[in-house]
Amino acid sequence: MDLAVDRVSVDLAGVRLVHDVTLTAAAGRVVGLVGPNGSGKSTLLRCVYRALKPAAGAVLLGGEELHGLAPREAARRIAALPQEHSAEFDFTVAEVVGMGRLPHRRGALAGPSAADGEHCAAALRRVGAAHLAERSFPSLSGGEKQRVLIARALVQEPRVLVLDEPTNHLDIAHQLEVLALVREAGPTVLTALHDLNLAAGHCDLLYVVAGGRIVASGPPAEVLAPALLAEVFRVRATPVQHPVTGAAQLLFDRLP
Ligand SMILES: Nc1ncnc2c1ncn2[C@@H]1O[C@H](COP(=O)(O)OP(=O)(O)OP(=O)(O)O)[C@@H](O)[C@H]1O
């Protein structure tokens with residue numbers, strides 16, 4: 001399902017934090033948002049997953065305005081992994097993942113079906129967290145929590161998945177694993193990422209955010225040019241080729 005952000009502006013506490021942003025993520029594509037701290041990535045993503053309303057513009061899912069959909073209908077189409085999960089749910093891991101199935105239950109009072117249970121177990125296996133199923137969610141490490149919340153987003157079977165720093169807290173193996181599995185899962189993905197090499201290696205298209213505006217967009221190899229990285233991130237970037245995989249990589253140091 002196509003996702004389109006159409007001339008969206010977002011205000012918080014009377015301050016405009018996102019200015020007139022337009023972006024598109026075609027069905028099944030993985031689209032990255034990169035930008036310095038405080039550039040507005042999370043604010044924009046919160047608007048895309050309906051935690052905030054746009055002050056102007058619209059978010060369109062398959063051409064339909066997202067903020068006009070009923071909550072349950074929206075939850076069947078879009079799932080999110082927010083950056084801050086302040087909710088320290090006092091539930092088991094299996095229960096937390098099971099919440100992702102709620103939008104698919106037949107009625108408000110319907111309990112989980114056997115298929116729901118199998119779905120959740122499979123998602124936990126996919127994120128390498130099957131052994132945690134009966135643990136209490138608040139007792140998990142940061143990376144374990146992140147993987148459980150990714151499983152919860154996957155069982156929601158969204159057509160669009162919005163991820164705010166999905167690799168936060170994850171060790172390097174799980175960073176690579178999680179980005180590969182969200183692509184394999186097949187939804188349209190819009191994700192904020194800080195690691196520019198991960199973004200380059202896993203995204204089809206990148207949007208660069210600075211000062212609440214999109215300042216560049218395109219395929220990673222075109223967008224992540226040293227001149228732009230110097231201007232936006234204030235770093236010197238040196239492109240190199242990975243000696244084993246042949247992939248383009250960036251090395252960073254401080255600007256001279
Ligand atoms: N409730 C709020 N009221 C006022 N300003 C806010 C509020 N929430 C966020 N901001 C400010 O909006 C700007 C954008 O924040 P946002 O979290 O969207 O940036 P970000 O690009 O996701 O940053 P990071 O990379 O550090 O996660 C920041 O300057 C932040 O301090």
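This report walks through a predicted model, from its confidence scores to its ligand shell, domains, core and one histidine.

## Model and confidence

Because the model is predicted, local features are reported where pLDDT is at least 70 and side-chain atom pairs count only at pLDDT 80 or more, while totals for chains, interfaces and linings use all residues. Residue numbers run from 1 along each chain as its sequence is written.

The chain has an average pLDDT (the predictor's confidence in each residue, from 0 to 100) of 92, and 96% of the residues score at least 70. The ipTM is 0.97 and the pTM is 0.94.

A residue counts as near it if its C-beta atom, placed from the backbone, lies within 6 Å. The shell consists of Leu-12, Ala-13, Val-15, Leu-17, Gly-35, Asn-37, Gly-38, Ser-39, Gly-40, Lys-41, Ser-42 and Thr-43. Strand E2 (15-25) and helix H1 (41-48) are the elements giving two or more residues to this shell; helices (H or I, at least four residues) and strands (E, at least two) are DSSP runs, numbered from the N terminus.

H1 supplies the largest share, three residues. By class, the shell has four nonpolar, seven polar and one charged residue. Here Ala, Val, Leu, Ile, Met, Phe, Trp, Tyr, Cys and Pro count as nonpolar, Asp, Glu, Lys and Arg as charged, and the others, Gly among them, as polar.

## Two domains

The chain is assigned domain 1 (3-224) and domain 2 (226-256), with bounds from an automatic or database domain assignment. Their centres, taken over C-alpha atoms, are 27 Å apart.

Contact (C-beta atoms, placed from the backbone, within 7 Å) links 13 residues of domain 1 with eight of domain 2. On the domain 1 side, H7 (196-202), E9 (205-210), E10 (213-218) and H8 (220-223) each give two or more residues. Helix H7 provides the largest share, four residues. This side has 10 nonpolar, three polar and no charged residues.

## The nonpolar core

A nonpolar core is a set of buried Ala, Val, Leu, Ile, Met, Phe, Trp, Tyr and Cys residues joined through C-beta atoms within 7 Å. The largest one has 66 residues, and Val-48, Ile-78, Val-97, Val-148, Ala-151 and Val-162 touch the most other members. Helix H5 (residues 142-155) gives this core its largest share, seven residues.

Beyond its neighbours within four places in sequence, Val-97 contacts residues including Cys-120, Val-148 and Ala-151.

## His-202

His-202 sits in helix H7. His-202 counts as buried because it has 22 C-beta neighbours inside 10 Å; the cut-offs are 20 or more for buried, 12 or fewer for exposed, and partly exposed in between, with C-beta atoms placed from the backbone. Not counting residues up to four places away in sequence, His-202 touches Val-30, Leu-179 and Arg-183.

Notes
Contact = placed C-beta atoms within 7 Å.
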